[in-house]
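Hello,

Here is the structure I promised to pass on. Please have it open while you read, and my notes follow below.

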Amino acid sequence: MGFLIRLAITAVALWVTTLIVPGVEVTGRSGADNALTLIVVALIFGVVNAVLKPVIKVFGCVFYLLTLGVFALVVNALLFLLTDWIARGLDLPFRVDGFWAAFWGAIVMAVVSWLISIVVPDRLENR
């Protein structure tokens, strides 16, 4: 259940990102097509982050320290671009137009996901 909630949160954050950030867009033929695309791209984004981000943190920890964490913004943008590349390979109607769109898109995604996560719990606690 927690996985589906996290996937939905990421998909909504991705949708908000497409509304706010120029250069990040979903160009499906219908609303249902766009919704399905957002869910699939959210899944891709989650897998990319789950697999690569820990590896990058381990090998790039010196850069994180030297830049006082600013390097994390660059890493997030590159992971967002990788998600775009995978989505294009799967012929999904999702596009990120360059590094700066990915940079701002990753920031908006993180902030919106965080805000939604405050309101919607990941897991239901047993009481």
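**Notes on the model**

Leaving aside neighbours within four places in sequence, Thr37 is in contact (heavy atoms within 4.5 Å) with Val26, Leu92, Pro93 and Phe94. Thr37 lies in helix H2; helices (H or I, at least four residues) and strands (E, at least two) are DSSP runs, numbered from the N terminus. With a relative accessible area of 3%, Thr37 is buried; here buried means under 20% relative accessible area, exposed over 50%, and partly exposed in between (1.4 Å probe, protein chains only).

Before going on, a word on the source: this is a predicted model, in which local features need pLDDT of at least 70 and side-chain atom pairs count only at pLDDT 80 or more, while totals for chains, interfaces and linings use all residues. Residues are numbered from 1 along each chain as its sequence is written, and side-chain values use heavy atoms, with hydrogens and water left out.

**Helix H2**

H2 covers residues 31-59, and its end C-alpha atoms are 41 Å apart, which agrees with the 42 Å that 29 residues should span at 1.5 Å a residue. The expected span is 1.5 Å times one less than the number of residues in the helix. Where does H2 bend? The bend, about 35°, is at Leu52, and a proline, Pro54, follows within four residues. For this, the angle is taken between axes fitted to the seven residues ending at a residue and the seven starting there.

Besides Thr37, the buried residues of H2 include Leu38, Val41, Ala42, Ile44, Phe45, Val48 and Asn49. The buried residues of H2 pack against helix H1 (2-20), strand E1 (24-26), helix H4 (70-89), strand E2 (94-96) and helix H5 (99-119). Asn49 is buried at 18% relative accessible area, and its contacts, leaving aside neighbours within four places in sequence, are Pro54 and Leu79.

Gly46, also found in H2, is partly exposed, with a relative accessible area of 35%. The C-alpha atoms of Gly46 and Leu7 are separated by 7.7 Å, although the two residues are 39 apart along the chain.

H1 has 19 residues and reaches 27 Å from its first C-alpha to its last, close to the 27 Å expected. Leu7 is one of the buried residues of H1, along with others including Ile9, Ala13 and Val16. Their cover includes E1, H2, H4, E2 and H5.

What makes up the nonpolar surface patch of about 550 Å²? Phe3, Leu4, Leu43, Val47, Val51 and Leu52 do. H2 gives the most to this patch, with four residues, and Leu52 in particular is partly exposed at 31% relative accessible area. Patches are made of residues with over 30% relative accessible area and no salt bridge, like charges being joined within 9 Å and nonpolar side chains (Val, Leu, Ile, Met, Phe, Trp, Tyr) within 5 Å. The areas come from the Shrake-Rupley method with a 1.4 Å probe, and for residues only the protein chains shown count as cover.

**The salt bridge**

Side chains of opposite charge can pair when their charged atoms come close. A search of the whole structure finds one salt bridge, defined as a side-chain nitrogen of Lys or Arg within 4 Å of a carboxyl oxygen of Asp or Glu. The partners are Asp84 and Arg88, with their closest N and O atoms 3.1 Å apart. Both lie in helix H4, four residues apart, about one turn of the helix. Asp84 counts as buried at 6% relative accessibility, whereas Arg88 is partly exposed at 39%.

Best wishes
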